[in-house]
Amino acid sequence: MDKNLKPATIAAHAAGALDAQSGGVVPALQPSTTFTRDADYNLDRPDNVYSRDNSDNLRQAEEVLRSLEDAAETLLFPSGMAAIAAVFRTLPNRGTAILQSGIYWGTTAWIRDFCARREITLVEVPASELVATCQNTPADLVFIETPSNPWLETVDIQAVNNATSGVVIVDGTAATPILTRALDHGADIVMHSATKAINGHSDVLAGVLSTRAPEAAIWGEIKADRKMAGAILGPFEAWLLIRAMRTLPLRVERMSQNTQKLAEALLAHPQVADVFYPGLPHHSGHDIAKRQMQGGYGSLMSVLVKGGREDALRVVGKLQLFLRATSLGGVESLVEHRHTIEPHTGIPENLIRVSVGIEDAGDLIADWKQALA
Ligand code: PLP
């Protein structure tokens, strides 16, 4: 498609994916694992050999994401964690990595374990200290999550990039490529859990990496590792993703509007101690978010209710529209009492993480008001 088209157009048209064979405006689902050769042993389709290498649906889904990121190349993985693991597996033994602290616990836990096994020096620092640490610590790789889950801290990607000679990887899951194109801000590789808002319907597990420097050694290693070690997304998941991404810009716009309204309403509520959301001017992440996010601040926020664990759990229990379930970025609103999931990481017992969906904002605010009463 034309390079100048806007994200809403790219997404609605699935970056031009059609079904040439039937004339369908929707690409066909092709689940075959293997592809034929002619009598001279030439592949009938030179790009299709075996579906651990690639497949039509995977390429189509990757093309949508590549266009949205304005990247040179994009690779899909069977989960966000598989995408993160693919990046870290390129690190040399006894190398050095800088990791933002206070990010998604699953990422931290896996990276700590991996680095310990490979004798990689892991330097964990809060968002506010990343730039200074990068200036003082030569590292092979720097891993950032902005906005972070569940604190909604933000990181100036360009400042980190200027401060390090290492490869800068940005987990932009909470921002999506619609609100922040991390590559525009100097990231070497942008990663998303596509399980979240990119798919948005809570029915596909996927992860994605994109780059503007496919010639870089690290990208070659990631590509080779995906193919050889088999961390590939299946065609059905890729097909579902293509379908879901047609409405990604619409969903992100609506979810960001809803979240902003709910965040403002909750901040003004007498039973709420604080709200962490980059769209709120008092939040520590607001200034960077204002520069780095366009069109909204996303659908993830955290709420500190007044009181302790019992008070938070009572509110969570009384909510009717916000389903009590982990994850984020879906069309249906969710809440999670994070302390129950990660009691050892310093998450306050009165913190409720909220993922806001596309429902009516008034209904969502009314639900919280009755739960807080
Ligand atoms: N990054 C962030 C910010 C997440 O919230 C998650 C999952 O919750 C992941 C990465 C991991 O993604 P997945 O669950 O698709 O493996």
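S193 stands opposite G207 in strand 7, within a model that is predicted. Five bridges join strand 6 (residues 189–193) to strand 7 (residues 207–211), and the two run antiparallel. Strands here are DSSP E runs of at least two residues, and helices are H or I runs of at least four, numbered from the N terminus; two strands pair if DSSP finds at least two bridges between them.

These strands belong to an open sheet of seven strands with mixed pairing, in the order 1-7-6-5-4-2-3. Strand 1 (73–77) and strand 3 (121–125) stand at the edges with a single partner strand each, so one side of each has no neighbour in the sheet.

Turning to helix 14 (residues 361–372), its twelve residues should span 16 Å at 1.5 Å a residue, and the end C-alpha atoms are 17 Å apart, which agrees; the expected span is 1.5 Å times one less than the number of residues. Buried residues (under 20% relative accessible area, with a 1.4 Å probe and protein chains only) in helix 14 are A361, L364, I365, D367, W368, A371 and L372. Seen down the axis, these buried residues fall within an arc of 155°, so they line one face of helix 14; the arc is taken from the directions from the helix axis to the C-beta atoms. They pack against elements including helix 10 (248–267) and strand 8 (272–276), where contact means heavy atoms within 4.5 Å.

Residues are numbered from 1 along each chain as its sequence is written. Local features need pLDDT of at least 70 and side-chain atom pairs pLDDT 80 or more, while totals for chains, interfaces and linings use all residues, and side-chain values use heavy atoms, without hydrogens or water.

Terms used: Buried < 20%, exposed > 50% of the residue type's maximum accessible area, 1.4 Å probe, protein only.
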